[in-house]
Amino acid sequence: MIDRMNCSAFSDRLRKADWEVRPVAIDVARCLVEAHHYARGASNTRTYLHGLFPKGSFWDQDCVGIAWWIPPTRSAAEATYPENWQGVLALSRLVIAPGLPKNACTFLLARSVKLIPARKWPCLVTYADQWRGHEGTIYKASNWTYEGLTDPQPTYTVDGVMKARKAGASTRTHQEMIDLGAQFEGRYAKHKFTMKRGTFKKNS
């Protein structure tokens, strides 16, 4: 495996020729999320899961960033792209290990988007969480379209880890969340961004 401390690919600015983005195993991606993302967790499923690797690496353990894509809820998809809600895919987690060049995140995101077929997924959506003070700088720099703020929603954590209210097809009430041992952090909106990649036939 690559010695990150001695790898010449690590510098003040990421050199595109030294890096690549490719699919990565879910267990490796989950470790990165748990270590470096404020949510400390992610979905049990994925539609696409792309990792950032120094070029020439053959080991998933050399992954230093991930882009995790899943379909949003139906209501969120319909609100985002009503003409074809089944063609909406959400960027659920975007994580870069500490110490990487500032442009590593935009490089990973751009390469990940290119790996997703536009005909099947004509609309991509992502959010920047006000609870953590995020403004979506990465998405603005990557030419995503700003759609404004979502309605504020309750935010809960358990031992510092975000806890979703969704449980299968149902949504837990506030009391049910408290009974689970969750802490109510407040109601927060998110900045919403989309990338619409053309008008295509609806998915069958």
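**Close-up views of a predicted model**

**View 1. Strand 5 and strand 12 side by side.** Strand 5 (residues 123-129) and strand 12 (residues 190-196) pair in the antiparallel sense over seven bridges, where pairing requires that DSSP finds at least two bridges between two strands. Within this pair, Thr126 stands opposite Phe193 of strand 12. Helices (H or I, at least four residues) and strands (E, at least two) are DSSP runs, numbered from the N terminus. This is a predicted model, in which local features need pLDDT of at least 70 and side-chain atom pairs count only at pLDDT 80 or more, while totals for chains, interfaces and linings use all residues. Residues are numbered from 1 along each chain as its sequence is written, and side-chain values use heavy atoms, with hydrogens and water left out.

View 2. Seven strands, in the order 1-2-3-4-5-12-6, form an open sheet with mixed pairing. Strand 1 (19-23) and strand 6 (145-149) stand at the edges with a single partner strand each, so one side of each is left without a neighbour in the sheet.

**View 3. The largest nonpolar core.** A nonpolar core is a set of buried (under 20% relative accessible area, 1.4 Å probe, protein chains only) Ala, Val, Leu, Ile, Met, Phe, Trp, Tyr and Cys residues joined through side-chain atoms within 4.5 Å. The largest one has 27 residues, and those with the most contacts inside it include Leu52, Trp69 and Leu109. Helix 3 gives the most to this core, with six residues.

**View 4. Around Leu52.** Leaving aside neighbours within four places in sequence, Leu52 is in contact with residues including Trp19, Val21, Ile96 and Phe107, contact meaning heavy atoms within 4.5 Å.

Methods: Buried < 20%, exposed > 50% of the residue type's maximum accessible area, 1.4 Å probe, protein only.
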